[in-house]
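Here are my notes on the model, in numbered points.

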Amino acid sequence: MSATAFDEWVRNVLARTEAALSAVLPPADVEPMRLHQAMRYAVLDGGKRVRPMLCHAAGQALGAPAQRLDAAACALELIHVYSLVHDDLPSMDDDDMRRGKPTVHVQYDEATGLLVGDALQSQAFIALASDALDAHRQAALMRELACASGSLGMAGGQAIDLASVGMRLSRTQLETMHRMKTGALLRAAVKMGALCGDGLSADIEAGLDAYAKAVGLAFQVVDDILDVTADSVTLGKTAGKDAANDKPTYVSILGLQASRELAAQLRRDARAALAPLGERGLRLAQIADLVVERVN
C-alpha cells in the first residue's frame, strides 16, 4: 500500500480525533468558562496524536467500529495532554512552550494549569462512558487506562524522572523509567484499540504487546535524539531542555550514533512482532516507521 494511502489514513484519524475531542470537551462558553477555555486550548489544534493513531490502527486490525475507537482515542489523548500540562508546570519541568505555543500555565496561570490537568484526567473517563461501548468494554478500557497512567505507569515514570535529575542512571534504569513514563500509555493505546475489536487471540495479544513495547521505547529514544539535534520551532517545545536540566537520556548514556542505531533496531523489533497479524498489521508497521523516521 502506498505512502500516499498512509498519509490519507493519518489525516483521517487526525480529523476524526480532533472532532471527537472537541465534542467530548465542555464548551468554552459554559461556566467555569476560563477553565473550559484553557482545557480546549491545551487539547485542540496541536500534537502528533500518536496514541490515537496507535489505537485506531490496532482496532482496525481487529475489526473495531470507528465509534468505539473514537472514544478510546479521545480518552488516551486527554490523559496524555493532562500529563503534558502538569509536566510543564514550574514545580515539574518548568517549560514555557508546548506544541508550538505557550504552555497552559504561561497562557493562563499556574493554578489554572493545575486544574486543567485535573479536569482532563476526569474527562478521559467521561469519554470512555460512551454509548458506543458496552459495559464490559468500558470496564476493561477504564482499567487499562487507569493502570497505564498511575503510579506503576506514567505518573510513576515521571516521579523517577524528577528524582533522577543530575544522576547517572544505568541503561536498564533509564529503560525502566521510560517504559513507565512514556511507554505505558503507548502500550495502553495499542491494547485499548485491540479491546475495541474482536478476536484478540493470545498470540495476537502477545505480538501487539511486544510491538507496543518496542514502539514505546523507540519513541523516547527518538525524543532524546531530537532534543539535541532539532530546534525549538521544529519540536514545538524547548530544545536542549534535557541537557540544560542535567537529565539522563539515551544520548547522554549511549551517545548519538548508538542511540540512532537503537531506534532503528527497535523499529525492526516492532515490525517483527506484528507477524501474527499478517497484512492487518500494516498500519501499525507504518506508525513504527513514522516514529523512528522523525530523526532521519
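This is a predicted model: local features need pLDDT of at least 70, side-chain atom pairs count only at pLDDT 80 or more; totals for chains, interfaces and linings use all residues.

1. Phi of D94 is near 50°, a positive value in a residue other than glycine.

2. D45 also has a positive phi without being glycine, near 60°. D45 is exposed, its relative accessible area being 66%.

3. The peptide bond from E31 to P32 is cis, with omega near 0°. P32 belongs to the loop between α1 (3-24) and α2 (33-43). As background for these points, most residues other than glycine have a negative phi, and most peptide bonds are trans.

4. Helix α7 covers residues 135-149, and its length checks out: 15 residues at 1.5 Å a residue should span 21 Å, and the end C-alpha atoms are 21 Å apart. At the N-terminal end, D134 caps α7, with a side-chain oxygen 3.1 Å from the backbone nitrogen of H136.

5. Which residues of α7 are buried? They are R137, Q138, L141, L145, A148 and S149. These residues cover an arc of only 110° around the axis, so they lie on the same side of α7. An α-helix has 3.6 residues a turn, so residues three or four places apart point the same way. A135, H136 and R143 are exposed on the other side of α7.

6. The packing partners of the buried α7 residues are α4 (66-87), α6 (110-127), α8 (154-163) and α9 (171-195).

Conventions: Residues are numbered from 1 along each chain as its sequence is written. Side-chain values use heavy atoms; hydrogens and water are left out. Helices (H or I, at least four residues) and strands (E, at least two) are DSSP runs, numbered from the N terminus. The expected span of a helix is 1.5 Å times one less than its number of residues. Buried means under 20% relative accessible area, exposed over 50%, partly exposed in between (1.4 Å probe, protein chains only). The arc is that of the directions from the helix axis to the C-beta atoms. Contact means heavy atoms within 4.5 Å. A polar contact is a pair of N or O atoms within 3.5 Å; within protein, one must be able to donate a hydrogen and the other to accept it, and residues adjacent in sequence count only if both atoms are side-chain atoms.
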